[in-house]
Amino acid sequence: MAIPRAERGGEPQPPLLVIVGPTAVGKTAVAVRLAGRIPLEVVSADSRQVYRGMDVGTGKPSPDELRVVPHHLINVVEPHERYHAARFRNDARRALAEIRGRGRLPAVVGGTGLYVRALLKGLDPAPPADPGLRRELESVGRTQGSAVLHGRLREHDPAAADRLHPNDRVRVIRALEIALAGSPEGRAGERRPVGSWAAAIPPFRLVMVGLCQPREILRRRIVDRVQAMVARGMIEEVRGLLAAGLAETLPAMGGIGYRHFCAVVRGRMPEADAIRLMIRDTGRYAKRQMTWFARDPEIRWIDVDALGGLDGAADAIAQQLTKEGLIE
């Protein structure tokens, strides 16, 4: 299938497919199946898969999947490095141009809604850092602990507190700086009010698809996903990361699964409790993802089960791409 050059208003509009949805719904699997029908490459929009050496707990594509379709923006940085939405936007735009240059359709696939919106509609500027306030907050963190900072953030910005792990002290402090600066619409330099997102026009000929499933089916998939991660060596991966000198307080180590199994390795929690909490927190994360994506009117939702599974979802996306003129 050819990838035509679409235009809008006389200006070239590069084609772009975006596949979003909650964790465990099958986004990567659908993209792999779609690659058997359409010449495409994937740009991962996953804030955890950027880290090298963090493979099991982030659900990175398998070697077989990578052989079927190239994936970009996985294994981009070391776990001790910072990666953020603005950097993703720049990296993703470069990857999209390279994919189009090879005559393939770029497909942004992932569940980090902030990254997807940053790419499509930009970022609002955050207020400048206040060195005095930052010193004060860092002092609170050192003397009273990260949990106190996170509690203060919850008072001023509950949504940001839900999004950030208490151990992610750097981002918690920055979110507090912005909340206390009185600019909630630009919190962490990463969010906008719904209206401004809706008003922004993406510079692409865009087909944006959301994958969903009935709640109980998704929950079973989450349980299966967590159990598969444990079977693939989740605890061994975490043990290796800690042995390499990575601190538990790093943002990368605060992700779901990693913080739970850090506690197992350090002897603070039985493995059975870590698995139970990992399932619970993954379910909560999936719910937050759906809440985020539900605000975007451009998403066309596909019930994976109603279409007979992953292959049916891939077929439906291919049909939509043809209908919209992104492929011939």
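In helix H5, the residues Glu136, Leu137, Val140, Gly141 and Gln144 meet Ser146, Val148, Leu149 and Arg152 of helix H6, where contact means heavy atoms within 4.5 Å. By class, this contact comprises four nonpolar, three polar and two charged residues (Ala, Val, Leu, Ile, Met, Phe, Trp, Tyr, Cys and Pro count as nonpolar, Asp, Glu, Lys and Arg as charged, and the others, Gly among them, as polar). The structure is a predicted model, in which local features need pLDDT of at least 70 and side-chain atom pairs count only at pLDDT 80 or more, while totals for chains, interfaces and linings use all residues. Residues are numbered from 1 along each chain as its sequence is written, and side-chain values use heavy atoms, with hydrogens and water left out.

The axes of H5 (residues 131-144) and H6 (residues 146-156) come within 6 Å and cross at roughly 130°. Axes are lines fitted to C-alpha atoms, for helices over the stretch in contact, and angles run from 0 to 180 degrees between N-to-C directions. The two helices are therefore oblique to each other (under 35 degrees counts as roughly parallel, over 145 as roughly antiparallel, 65 to 115 as roughly perpendicular and the rest as oblique).

Helix H12 (residues 258-265) is largely enclosed by the rest of the structure, because six of its eight residues are buried (under 20% relative accessible area, with a 1.4 Å probe and protein chains only). These are Tyr258, His260, Phe261, Cys262, Ala263 and Val264, and they pack against helices H10 (215-231), H11 (234-243) and H13 (271-293). Just after H12, Gly267 takes a positive phi of about 85°.

The chain has 14 helices and eight strands, defined as DSSP runs numbered from the N terminus (helices H or I, at least four residues; strands E, at least two).

Notes:
Buried means under 20% relative accessible area, exposed over 50%, partly exposed in between (1.4 Å probe, protein chains only).
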